[in-house]
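Welcome! Take a moment to look over the sequence and the 3D view before reading on.

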Amino acid sequence: MPPHQLLSFLLCPGLRIPRLSVLCAQPRPRDMAISSSSWELPLVAVCQVTSTPDKQQNFKTCAELVREAARLGACLAFLPEAFDFIARDPEETLRLSEPLSGNLLGEYTQLARECGLWLSLGGFHERGQDWKQTQKIYNCHVILNNKGSVVATYRKTHLCDVEIPGQGPMRESNSTIPGPSLESPVSTPAGKIGLAICYDMRFPELSLALVQAGAEILTYPSAFGSVTGPAHWEVLLRARAIETQCYVVAAAQCGRHHEKRASYGHSMVVDPWGTVVARCSEGPGLCLARIDLGYLRQLRQNLPVFQHRRPDLYSSLGHPLS
Ligand SMILES: O=C(O)CNC(=O)[C@H](CS)NC(=O)CCC(=O)C(=O)O
């Protein structure tokens, strides 16, 4: 078993000492050997936080984790959906929102520059160009490079309007406009990243479109519910990884945000075989994983599902059931 598969560092932000944890990875066929030494492979960090309506405090927490990620040698850090804040109601969400050119993104630009690492800001409450007319926002996943420049944006296309007993109704469309399009995967030091957000993970069509466009890493920054979480979270993420043969990185909100809302946590990285190679422990913190694109390419050769597809049978998928 390659050592980078077995090791994942679990950190508590309060403690400065990394806790070393050994995960039981599932066996892989022997011939899918790793070509590079594990320490040459890019290291990514997945940050887990409990956002509240306090934007400055949330920034402080995220910045601390990002600095820790940089200190540990990560080239890219992932923050969850709503890393900026989680408000109590749609009015507060709209009031706290900012344009991409606002102060908060400015602070993250400086942070990326200072730490010299890339950031996936998994779901920014964005006042877009149409804010004046619509008075609604976009749920925007922003990628910053290590100079702090915005290199990609994706606006969540599937909005979470659901009513799950025991979880409280979610009506994202009360405050948010769905994004108009998917975005081309973005080249980063860790690989080509396909952008998605949270509820998007329930739509395998989206992940197939992204992998077809060249994605090697799928990202699902999330604020997953505490009822759907235990039933669906890990299963969905591992299924997306196995069927697309991509790494899946899912930074999550955890814990209680305010009186009315809690999230499931369980941030993780899944490799293209479907093995969970890193996961956060309970509460805010981070976990690290190495991305091995040589392994990904080998797996895609050995198990060539993309060559076996039958679009002649199901290319018009995705219309509502009648
Ligand atoms: O509200 C904000 O500020 C940010 N947006 C979210 O947290 C969104 C919409 S409420 N949450 C989800 O999509 C959870 C999906 C989920 O839990 C599932 O698919 O089961």
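How are α2 and α4 oriented to each other: roughly parallel, roughly antiparallel, roughly perpendicular or oblique? They are roughly parallel, where angles under 35 degrees count as roughly parallel, over 145 as roughly antiparallel, 65 to 115 as roughly perpendicular and the rest as oblique. Please keep in mind that this is a predicted model, in which local features need pLDDT of at least 70 and side-chain atom pairs count only at pLDDT 80 or more, while totals for chains, interfaces and linings use all residues. Residues are numbered from 1 along each chain as its sequence is written, and side-chain values use heavy atoms, leaving out hydrogens and water.

**The helix pair**

- Helix α2 covers residues 55-71 and helix α4 covers residues 103-115; helices are DSSP runs of H or I with at least four residues, and strands are runs of E with at least two, numbered from the N terminus.
- The two helices pack at an angle of about 15 degrees, with their axes 10 Å apart; the axes are lines fitted to C-alpha atoms, for helices over the stretch in contact, and angles run from 0 to 180 degrees between N-to-C directions.
- On the α2 side, the contact (heavy atoms within 4.5 Å) includes Phe59, Cys62 and Val66, and on the α4 side it includes Leu104, Tyr108 and Leu111.
- The residues of this contact divide into 9 nonpolar, 2 polar and 3 charged; Ala, Val, Leu, Ile, Met, Phe, Trp, Tyr, Cys and Pro count as nonpolar, Asp, Glu, Lys and Arg as charged, and the others, Gly among them, as polar.

**The sheet**

- An open, mixed sheet is built from 6 strands in the order β10-β11-β12-β13-β16-β17.
- At its edges are β10 (186-188) and β17 (276-279), each pairing on one side only; two strands pair if DSSP finds at least two bridges between them.
- Neighbouring strands of this sheet are turned by 25 degrees against each other on average, direction ignored.
- Inside the order, β11 (residues 191-195) and β12 (residues 217-219) pair in the parallel sense over 3 bridges, and Ile193 stands opposite Ile217 in β12.

**Two residues with positive phi**

- Most residues other than glycine have a negative phi.
- Cys198 has a positive phi, near 40 degrees, and lies in the loop between β11 and α6 (204-212).
- Cys198 is buried, with a relative accessible area of 6%; buried means under 20%, exposed over 50% and partly exposed in between, using a 1.4 Å probe and protein chains only.
- His266 has a positive phi of about 60 degrees and sits in the loop between β15 (261-264) and β16 (268-270).
- His266 is partly exposed, at 34% relative accessibility.
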